[in-house]
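Colleague: I'm new to reading models like this one. Could you take me through a single part slowly?

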Amino acid sequence: MAKLLLGFLLLLLSCFYLQSTIARFVVEKNSLRVSSPDSIKGNHDSAIGNFGIPQYGGSMAGTVAYPKENRKGCRRFDEFGVSFKAKPGTLPTFVLVDRGDCFFALKVWNAQNAGASAVLVADDIDEALITMDTPEEDVASAKYIENITIPSALISKSFGEKLKKAISDGDMVNVNLDWRESVPHPDDRVEYELWTNSNDECGVKCDMLMDFVKNFKGAAQILERGGYTLFTPHYITWYCPQAFTISKQCKSQCINHGRYCAPDPEQDFSTGYEGKDVVIENLRQLCVFKVANETNKPWVWWDYVTDFQIRCPMKEKKYNKECADAVIRSLGLDLKKIEKCMGDPNADSDNPLLKEEQDAQIGKGSRGDVTILPTLVVNNRQYRGKLEKGAVLKAICAGFEETTEPAACLSDDVETNECLENHGGCWHDKIANVTACKDTFRGRVCECPLVDGVQFKGDGYTSCEANGPGRCKINNGGCWHETRLGQSYSACSDSGNGKCACPPGFKGDGVNTCDDIDECKEKKACQCPECSCKNTWGSYDCTCSSGLLYMRDHDTCISKRVAEAKSAWTAVWIIILGLAVAAAGAYLVYKYRIRTYMDSEIRAIMAQYMPLDNQNEVVNHVSEDRA
């Protein structure tokens, strides 16, 4: 009971910490201009929704529609026979719905399915505008949130009432949503930062974040390599109140004596990974960026994060230092520098890097405090909308001065060419000149290749092995092979199970070595008393004493005269057998011909003395002179 109470207190304290920062939360806005009717004509503020795809850098004009039924948008509009799909030649439809009774995202999803091009949500109380966010850890809503593609915005209650009155009076309400100034563009370089987390077991938002990092990696590295952007990763941490730093909960979730904490990944203190494991990996990823930045290759951070997600997931119990170190080594980073950067997580002192992260969470200037995870900040403005490659790239490109946009902003054809350097940290075979590194528009991926019809199999990072028929044609299937005196031997076999096995006469692992077996020394052959054995590479020679002949199949020596006599008698018997067969055949032919002749003579005699009834005339073989 005491443990549960303590955990509840920690939860309350962490919520109090977050609540204290919300007061400094800055709502990102875009301009909404009403062009008609004249009674409400002018510019109005609206808060950009944190889902869907805002048209950063652009604008959209449309006509506002307020449904007569389902005005809160919590049910499907087709249940009421309502459609907002614009007719050819008309402006797109912006649906106005009321706040309340269901998630913001569900209202937008239902309107999108009914054909709406954008959604305006009218607040139901008089208050300052807030950011419409996605629901936390709701599996059902996650199915439709990722498919929302239209922009949305929250408007004040008073402005909403004005729109409703104009529509009820029969006026056509035309508005223009403008995102061109949502992202400032002071110069020809965009600075942006991503507040992220290494935890991959926190539900829907973690999955969305992981997918975004993998998909956006290629574009991010192109922009960074070209000097068009300056990217900085950040990680949110919280601190444990002084009164609870020695508690079990704080010790399991925090490092440096409660100074830097993260929630338990499974929300269960008794099983699985702990919050401090997440903090340590977050710190490691910060140090990876720091060390990579010092070598003028900050874009390597994207490679490390994506590779760590693939190779070291919590589900497979690989979320640990050993797996992380393997990823670091594969990317050619200085492991000792990274470990030095991380410092001692058990020290009762501040960690300079994590202290900077906590300070950076507090908003400065036009940027508010970071309280939503993940959060993207572009030119010191918090991005609002779906965390998706195309939408984020559009927001970043909106931050460039006009005519200074890089080619990546004008085309989707993005190639990273990461495989040109150290094969992108992927597996490669120097001898066969084969690599698992493959450039794609999402950045480089490590996948075992298909070469000359032979598929390699493995993880793509540390190993790839040729598999199936024809594998021995490519570098002997990775097996041992050697040629001496014009004779070649290989441990590879296409008909095998894919493993390397030394050929007869050799022993070894089949991959690196196959040593010649000394049949003579090991007494595996040529063991008859009259035999003399001599080992050769891959085989042996066995000779017998004078007058004897060696028979390999029986491993014995026999007399040459006996052998010759046996050969002679064998030939004689073959000749005799052949003559016997020929005589038997001749006898059968002779017997057949005699029998045939006798049968014809007997029939002639019988026909002369016993004529048949239907025979009018019979040839008489007796002379007529005897009558």
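Here is the part to look at, followed by a walk through it.

Colleague: Which residues of helix 11 are buried, and what covers them?

Modeller: First, some ground rules. This is a predicted model, so local features need pLDDT of at least 70 and side-chain atom pairs count only at pLDDT 80 or more, while totals for chains, interfaces and linings use all residues. Residues are numbered from 1 along each chain as its sequence is written, and side-chain values use heavy atoms, with hydrogens and water left out.

Now, helix 11 spans residues 352-360; helices here are DSSP runs (H or I, at least four residues), strands are too (E, at least two), and both are numbered from the N terminus.

Buried means under 20% relative accessible area, exposed over 50%, and partly exposed in between (1.4 Å probe, protein chains only). Look down the helix axis and those buried residues fall within an arc of 160°, so they line one face of helix 11. That arc is taken from the directions from the helix axis to the C-beta atoms. Why does that work? An α-helix has 3.6 residues a turn, so residues three or four places apart point the same way.

Turned away from the buried side, the other face carries exposed Pro352 and Glu356. As for the cover over the buried residues, it includes strand 8 (190-196), strand 9 (229-235), helix 7 (275-294) and helix 10 (335-342), where contact means heavy atoms within 4.5 Å.

For contrast, eight of the 10 residues of helix 2 (residues 104-113) are buried, so helix 2 is largely enclosed by the rest of the structure. Trp109 is among them.
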